[in-house]
Amino acid sequence: MDRDPLQSSTCCSSAGCTSDAPRAGDTVDLQRGEEHPHDHHDHAGHDHAHHAHHAHGDHGCAAGHASSDLGDEVGGPEVNSASARTVFDVEGLCCQSEVRLIEDALRGAPGVSELRISVPSGTLTVYHDGQSSRDEATVAALWRVGLKAHARREAGRRAAPSGSAFDGRFFTMVAGALLTALGAFLRFGVEGAAVAEKLALSAAIIIGGVYVYRQAFHALRQRRIDINILVTIAVIGAAAVGEWFEATAVILLFGFAEWLEARSMVRAREAIGALVSLAPPVARVRRGQGFEEVAVAEVRPGDEVELRPGARVPVDGVLLSGVTEIDESTITGESRHVRKVEGDALYAGTVNQAGRVSMRCTEPASRSTLARIIDAVEEARAQASPAEQFIDRFARYYTPAVVALAVAVALIGPLVAGGGGELWFYRALVFLVIACPCALVISTPIANVAGLARAARRGILVKGGKWLERLGGLRALALDKTGTLTEGKLVVEAMEVAPGVEADDLLLAAARVEAASEHPIGRAIVAAAMGRFEPGRFVDQVVDARAVVGAGIEARLRDDGGSARDENATPGAMPTLRVGQLAWLSELGVALEEDFLAKAQALEERGHTLVAVARDAQLLGVIALGDRVRAEAPAALAALRQAGIEHIAMLTGDGRPAALAVAERLGLSPDLVFARQSPHDKIAQVEALKTLSGDRVAMVGDGVNDAPALAAASVGVAMGAAGTDVALESADVALMGDDLSRLAEAIAIGKKTRAIILQNISVALGLKAIFLVLAMGGWATLWMAIVADMGASMIVIFNAMRLLRRQREPAAPPAPQVDEPALAA
């Protein structure tokens, strides 16, 4: 199943083989570069909008992460047809009231098919038809409702720097405070200055609330009830009943709280957006005989780029010359430096730690791995998690309900409980202030966005808050064996020699035949030989190499008096070397003793792939190959169990003996080892685990042949996704490095995010409930309600920011020692 890295679904804004293939027994001339015949088991700014519905299910709208489908069909299952996307930075986007203004301002805009609004990021993403005038029209529409927007011209980079803390709102607040102090002086220090006092306090109310009244006016034009309207009514009501100082206290406290919340949100966005500043703006590119600095956007595939020590890699590419060490922690989260030689891949945003080297660009800056990560993170921020959807639906009913309750308090209170109408009118004003659910609607998205940013810092790309929350609730795990638990490449693990034969003779004979092979088995044998012999002893030492499809390969030693000649051979004869299946050698008359066959069978039962080697009719022995278990796998599995994973299953296309051998080394239950699994079989096993775990299972694979199983799981996780398009696009979570231990860290981040979301919701709802009771009893004042409301907002912001604290690398729990077979001496 193909899935885009920007997976999401929109939501309603209203709340094979050919006939000439060789057959078994046919021969193929290997000197023409034909395929190896061994028949062993397989080891199994502006941009174009690539936005699709997610296979796992639809998202709904959420406060803070609002998504509005503005086409003719609302909430339908169709794929977005927009051809372009623009991301805007919106000044003053701090609460749900601005979200509603944006939705109303752009509803029905020509050419616009969808909006995505992220309060934590302060961004508006517009999907449109690609016409150049759409950006200007969007900016103008937002200006008309009192919001300033700037279109981003480069993915991830803010269009305008964060404004100064000493902005217009700050100075109006200071002016209001000074006028309030003047009013207090006139009341308590000057006799007979009642009129001057009221004039000073009136001026304080007017000047100190300029921004509040302006937003209230825009909300009224859009027929929306928001916190600005409610505070305005409360201030006018307090002044009307003669509570002038309370009216000024409310407007100034609210203004100060709004300013402080805006500054807190700016700091949060700066911390969250640190990822996007990793790529340098310029690169040193060869122009003629020298290198010149050019904008990174001007670097084209094929350009030669110079990297100086300590410089960041500007684009994706390959090392052309030299040897260096690269800090890839920005991409993979791995703190250790990686040695790079000629031909190795380099990623934009990583740091050259050693000498001056040159590289060749392979991708434009807009398509680098880092740019794609930034793009996916930006998109993930705007997606709504289930918790956000629930809070948004709750908030849509909460505010009107409390407003209605405030009206009831003002009208019915005097009739039922007695007391003057002025008293109950004042209590109704307190209810109005409490009616705004600001803290509640940002409690979940701010935590999710902080969690996404923390995960990205650690080389874990999570496609949205939905998947982050699901990570925190996982109970079962399905792991593909090859490339996930193992290194994904064959190595020589053991050799069983025939009587009278030395291990070196066995390996050397096999390496001579396989020296030119590109097959994984041949490469593994040659790699083992490279560690024991000089290349001249086995490279280019045979002639007439032929492959027997489904059986093996044979070749004759050179008869040129070179080192390849067999000392025991008859003078003038050219021995024939054969490498392949034992059964094939037996058919050719090679004698196989029972004791030797028993030893070979024991190796096969432990999961090894066997390759037999013979010289003429003499058996030299068998070479046992296997896919080595990753060094970090035992500790990673122990960390996963510690993180609450109760069931860990291993899925593989290998035979059961090989699968059980790996499972035994890793301490996995044989009951959860599934061998000979086709892609459809893996889907069935994932579905069974979903039933066992209550639909809380993750599938971990390479993102290529495991794509169907990744899509079937509650959470699909791809390993080693750096530079791999399919892995980035097919999974819900991508581990950029090849380190399985990152999965346990991702689950830990998910759990902490879920815990913080629960804390935030509890604080927001708890304070509302307390003040509703206090207001009903007459114990809460207007300024207390303002402090409680804005205080709750800041509490949830700073609580979520705890996810972004720098923490030490988590210590891995003790893991069982894996005893890998040693290569025979």
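What is the order of the six strands in the open sheet? The order is β9-β8-β10-β16-β11-β14, and the pairing is antiparallel. Strands here are DSSP runs of E with at least two residues, helices are runs of H or I with at least four, and both are numbered from the N terminus. Two strands pair if DSSP finds at least two bridges between them. At the edges stand β9 (290–295) and β14 (345–346), each pairing on one side only. Strand β11 (residues 317–321) is joined to β14 by two bridges, and valine 318 stands opposite alanine 345 in β14.

This is a predicted model, in which local features need pLDDT of at least 70 and side-chain atom pairs count only at pLDDT 80 or more, while totals for chains, interfaces and linings use all residues. Residues are numbered from 1 along each chain as its sequence is written, and side-chain values use heavy atoms, without hydrogens and water.

Helix α25 (residues 782–801) is mostly covered, with 14 of its 20 residues buried. Buried means under 20% relative accessible area, exposed over 50%, and partly exposed in between (1.4 Å probe, protein chains only).

The structure holds 22 salt bridges, each a side-chain nitrogen of Lys or Arg within 4 Å of a carboxyl oxygen of Asp or Glu. One of them joins glutamate 493 and arginine 665 (3.8 Å, N to O). Glutamate 493 lies in strand β19 (residues 486–497) and arginine 665 in helix α20 (residues 656–666), so the bridge ties together parts 172 residues apart in sequence. Both residues are buried. Salt bridges also link Arg284, Glu306, Arg308 and Arg356 in a network.
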